[in-house]
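Welcome! Please take a look at the model below, and then we can walk through some of its features together.

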Amino acid sequence: MPETAHESAIALLDRLCAVIPDYPEPGIVFRDLTPVFADGEGFRTVVDALIEPYAGRFDVVAGVEARGFLLAAAAAYASGKGVVAVRKAGKLPRETYAQEYALEYGTATLEIHRDDLAPGTRVLLLDDVLATGGTLAAAHELFGRAGVEVTGIGVVMELDGLPGRDRLAAAGIDLDLVHALQKV
C-alpha cells in the first residue's frame, strides 16, 4: 500500500524537527520547524500534505505571520493559487481589517488588506502550530468580516494539551475544517 503524503510528512517531521527543551523558558519544549523548511524534500512533503485534504476547495492561500508565510507561499505556488499575508498590526500600507486577540499576557492584533480578496473568495488558512488557537481564530474572524470563506485551516503541528481546538470551536469555527499533520 503506498504511503500517503500525510504519513510521509509525519515521518519527515519526526526526523527533521528539532526539539529544544527549556526554550524559551524552563519547562517549555520548543519544536523548531526551521530544519524541516531547510530540507527540500521535507518542505515539499509537508506542503503537499497540508494542501492535500483541501484540493479543489480553495481559491487562495493565506499565511499567518511569520512561519505561516513560508507555508502559504509554497502552498500557493504548488497549487497554482495566489497568496495573502495575515500580518501583525501596522505592517500593511493600505486600509485594513484588524482583529485583536488575547495572548497569555496581553493582546495582539492581526490585519489583512480590505481590498485583497473579493467577497466569496475561498481561503485556505495556514500556520505552523496550533497552540492556544488565538491567532487562527483572529485570522478566521478577519476573513469573515471581509466576506471571505475560510474553507480550511491547516497547521503542521498541534500542541496536545493546549486549548487550541476549544478556542477555535468557541469562535464558531467548524473543527472539521481544521487539519494538523501531527499532534505533539
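## Getting started

In which strand does Ile153 lie? Ile153 lies in strand S8. Helices (H or I, at least four residues) and strands (E, at least two) are DSSP runs, numbered from the N terminus.

Some notes before we go on. This is a predicted model, in which local features need pLDDT of at least 70 and side-chain atom pairs count only at pLDDT 80 or more, while totals for chains, interfaces and linings use all residues. Residues are numbered from 1 along each chain as its sequence is written, and side-chain values use heavy atoms, leaving out hydrogens and water.

## Around Ile153

Ile153 counts as buried because its relative accessible area is 0%; buried means under 20% relative accessible area, exposed over 50%, and partly exposed in between (1.4 Å probe, protein chains only). Contact here means heavy atoms within 4.5 Å. Leaving aside residues up to four places away in sequence, Ile153 touches Tyr54, Leu124, Leu125, Leu136, His140, Ile173, Leu177, Val178 and His179. Between Ile153 and Val46 there are 107 residues of separation in sequence and 14 Å in space, C-alpha to C-alpha.

S8 and S9 run parallel and are joined by five bridges. Across this pairing, Gly154 has His179 in S9 as its bridge partner. S9 is mostly covered, with five of its six residues buried.

## The sheet

Let us step back to the sheet. Strands of a sheet pair through backbone hydrogen bonds, either parallel or antiparallel. Two strands are taken to pair if DSSP finds at least two bridges between them. Here seven strands make an open sheet with mixed pairing, in the order S5-S6-S4-S3-S7-S8-S9. S5 and strand S9 (178–183) are the edge strands, each pairing on one side only. On average, neighbouring strands of this sheet are turned by 20° against each other, direction ignored.

Inside the sheet, strand S3 (residues 60–64) pairs with strand S4 (residues 82–88) in the parallel sense, over five bridges. Gly63 stands opposite Ala85 in S4.

## Helices on the sheet

Helix H4 (residues 67–79) packs on the sheet, where it touches S3, S4, S7 and strand S8 (149–158). The direction of H4 makes about 165° with that of S3. Axes are lines fitted to C-alpha atoms, for helices over the stretch in contact, and angles run from 0 to 180 degrees between N-to-C directions.

H5 lies across S3, S4, S5, strand S6 (106–113), S7 and S8. H5 runs at about 155° to S5.

## Pocket and cavity

Now for the spaces. On a 1 Å grid over the protein atoms alone, a cavity is a set of points where a 1.4 Å probe fits but cannot get out, and a pocket is an open set with protein on both sides within 12 Å along at least five of seven lines; lining residues have an atom within 4 Å of a point. Grid points are joined across faces, edges and corners, and a volume is the space filled by probe spheres set on the points.

The largest pocket has a volume of about 1,200 Å³. Its lining holds 34 residues, of which Arg67, Val129, Ala131, Thr132 and Leu159 lie nearest the centre. Strand S2 (29–32), strand S5 (96–103), strand S7 (122–130) and helix H5 (134–145) are the elements that give two or more residues to this lining. By class, the lining of the largest pocket has 19 nonpolar, five polar and 10 charged residues. Ala, Val, Leu, Ile, Met, Phe, Trp, Tyr, Cys and Pro count as nonpolar, Asp, Glu, Lys and Arg as charged, and the others, Gly among them, as polar.

The count comes to one cavity of 30 Å³ or more. About 40 Å³ of space lies in the largest cavity, and the residues lining it include His113, Arg114 and Phe143.

Most residues other than glycine have a negative phi, and most peptide bonds are trans. Asp22, in the loop between S1 and S2, has a positive phi of about 60° although it is not a glycine. The peptide bond from Tyr23 to Pro24 is cis, with omega near 5°. Another cis peptide bond runs from Glu65 to Ala66, with omega near 0°, and Ala66 lies in the loop between S3 and H4.
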